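This report covers helix packing and nonpolar cores in one structure. The sequence and model are shown first.

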Amino acid sequence: MEWITGHVMALIEHYGAAALFVSLTLETLGLPLPGESALIVASTLAGVGKISLWSVAIAAWCGAVLGDNIAYVIGRRYGRSVVTRYGARFGITESRYARVEAVFARFGPLMVIAARFIVLLRQMNGLVAGTANMHWLTFAVSNVIGAAIWVGFWTTLAYHFGHSTTILPFIGRHVGMVASVLMAVALLGLLLGYFRSRRQDREAKL
């Protein structure tokens, strides 16, 4: 996996936004390619004037949205069994798929938005939405919003702090961890709110 990441990073440095677009499109299809780290590298390069920031943001957003929609079509057309059978070689195992399904069942569209900041969910939420027969328009709107928030967050952060590529390890280790924790807290809050509303409904019926 490390050599793949290193190769993709080199391609981004050489080909810029085009390589970023391809990497994010394939990553959101579930392939073991860098997503967040690729976006951070490209945004950092924009910070030092090697790439246009707008080209990075547009390429990242288009790649994220396109990849998820292709994954949605695959999941909708071929179903869970086919996805897990042939996706295992790319890390889409039965157990991983089941974990994402459990989160998806609880939060639906909100999960599509939040999934952008969580590695496993980001790679599989399009497939799960398709196999779960989520309405395409609902998925598409949630996907567009989630991609915009994710791209905006990382491009802004890496652009402003990326005056030197030496800051990348710090951003990747610490800020990524903080973002993941914040999204986990948000999901927990949604879960608590769901159970509270269920309890209030039961009390109202008594």
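## Contacts of Ala60

Beyond its neighbours within four places in sequence, Ala60 is in contact with Leu20, Leu24, Leu39 and Val151 (contact: heavy atoms within 4.5 Å). The model is predicted, with local features needing pLDDT of at least 70 and side-chain atom pairs pLDDT 80 or more, while totals for chains, interfaces and linings use all residues. Residues are numbered from 1 along each chain as its sequence is written, and side-chain values use heavy atoms, without hydrogens and water.

## Nonpolar cores

Ala60 is among the residues with the most contacts inside the largest nonpolar core, which has 24 residues; the others are Ile12, Leu20, Leu39, Val56, Trp150 and Trp154. Such a core is a set of buried Ala, Val, Leu, Ile, Met, Phe, Trp, Tyr and Cys residues joined through side-chain atoms within 4.5 Å, buried being under 20% relative accessible area with a 1.4 Å probe, protein chains only. At least two residues come from each of α2 (17-27), α3, α4 (53-87) and α8; helices are DSSP runs of H or I, at least four residues, numbered from the N terminus. The most, seven residues, come from α3.

Another core, of 17 residues, lies apart from this one and includes Ala71, Val112, Met124 and Met134.

## Packing of α3 and α8

Helices α3 (residues 36-47) and α8 (residues 136-161) pack at about 45°, with axes 8 Å apart. Axes are lines fitted to C-alpha atoms over the stretch in contact, and angles run from 0 to 180 degrees between N-to-C directions.

In α3, the residues that meet α8 include Leu39, Ile40 and Ser43; their counterparts in α8 include Trp150, Val151 and Trp154. By class, this contact has eight nonpolar, four polar and one charged residues; Ala, Val, Leu, Ile, Met, Phe, Trp, Tyr, Cys and Pro count as nonpolar, Asp, Glu, Lys and Arg as charged, and the others, Gly among them, as polar.

Terms used
Buried < 20%, exposed > 50% of the residue type's maximum accessible area, 1.4 Å probe, protein only.
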